[in-house]
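Q: I have a model on screen. How do I read its packing?

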Amino acid sequence: MKITVISFDNWGFNQKIVDHISEEGHEVHHIDFSKFKYKYPNVLFKAYNFILKSFFKQNLKTKFYGKQILNELDQNPNKQDLILTIKGDFIAPEFASKIKKYTKKSTAFFNDNIKRCPKIIGVLDCFDTVYSFEKEDCEKYNLKHKTNFIYNFQEKKETEITKSVFNISSYGRSLDLITKIATELRKINIPYKIIIFDKKRKLKNNTLITSVQETIPLEEVNNQIKKVSCLLDLQRINQSGLSFRVFESLGWHKKLITTNGSIRNYDFYNENNILIIDPKNPIITSDFFEKPFVEIPQEIIEKYKLSGWFNEFI
């Protein structure tokens, strides 16, 4: 099949999809529009864009992304069998709707929810089929439910890993909550590394959290994950869809501490492996780390690995 993936791939997760499609023998093209850099011609354009966003729900940047994506599609003379668009709300609707003419099937996947990203509503009609990781959005807007995926899988669990915790998050999670969690881990003598990423600011006077302003490559993140026994997952406000931390924990046979209570409803949930904490009062005890890790049945894991995850699209 001829397949194009259009995505805003600032962390590198979607390149894993592209690699998998290629390994399966398909002809694949990746339009990563995070690499398209928009610059305001002058200060007046910046002010004009502020007015557009504030009063007309338009954005020069999303129009720019749309034009660049269509230009890329024009370079390919072959009509695609499938175009999968991820983060389609970053593309102005008048351009997103034109993607259909380049393919037999236009599909979108959203791993953000509409409460957090209301622009999603504006592009739902631009695609033949729309999937979302947020069950509430699927029910409300008649979308198909699909989780994130396991992008790296280790056949066997490492046996000689010390009890320790890792998390990397973009700025926007509650620093107060993260600080409380770090304090809890220190109380029970569990080593941890919690990293907050933000291009614009660096945390000051916080000795509990590591602050970075440069994007950390996904492979480096994986190297950190390999060294620990447990991952920390911090649910965004108004979000119940499962983040990539959950699927990294599945792929690498790691325990998980999460603030996302909806995880109880998934077939891989096991209280030995997953500790759900209250974001208002996070309590972590050493008992969780002492419980033996329970391996998840392979037939369940297969559904979330890229091989099973992508098959539904084709």
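A: Start with the largest nonpolar core. The model is predicted. Its largest nonpolar core has 29 residues, and Ile6, Phe33, Ile69, Leu73 and Ile91 touch the most other members.

Q: Which elements give two or more residues to this core?

A: They are helix H3 (60-74), helix H4 (93-96) and strand E4 (106-110). The largest share, five residues, comes from H3.

Q: What does Ile6 touch?

A: Skip residues up to four places away in sequence. Ile6 then touches Ile31, Phe33, Ile69, Leu73, Ile83, Leu84, Thr85, Ile86, Ile91 and Ile99. Another core, of 25 residues, lies apart from the largest one. Among its members are Ile195, Val246, Tyr266 and Ile296.

Q: Which residues of helix H7 are buried?

A: First the general idea. An α-helix has 3.6 residues a turn, so residues three or four places apart point the same way. Now the case. H7 spans residues 218-226, and Leu218, Val221, Asn222, Gln224 and Ile225 are buried. Down the axis of H7, these buried residues fall within an arc of 160°, so they line one face of the helix.

Q: What do the buried residues of H7 pack against?

A: Helix H1 (13-23) and helix H8 (244-251) are partners, as are strands E7 (165-170), E8 (192-197) and E10 (230-233).

Q: Ser106 next. Is Ser106 buried or exposed?

A: The cut-off for buried is under 20% relative accessible area. Ser106 has 0%, so Ser106 is buried. Ser106 lies in strand E4. Leaving aside neighbours within four places in sequence, Ser106 contacts Ile83, Ile99, Lys100, Cys126, Phe127, Asp128 and Thr129.

Key: Residues are numbered from 1 along each chain as its sequence is written. This is a predicted model: local features need pLDDT of at least 70, side-chain atom pairs count only at pLDDT 80 or more; totals for chains, interfaces and linings use all residues. Side-chain values use heavy atoms; hydrogens and water are left out. A nonpolar core is a set of buried Ala, Val, Leu, Ile, Met, Phe, Trp, Tyr and Cys residues joined through side-chain atoms within 4.5 Å. Buried means under 20% relative accessible area, exposed over 50%, partly exposed in between (1.4 Å probe, protein chains only). Helices (H or I, at least four residues) and strands (E, at least two) are DSSP runs, numbered from the N terminus. Contact means heavy atoms within 4.5 Å. The arc is that of the directions from the helix axis to the C-beta atoms.
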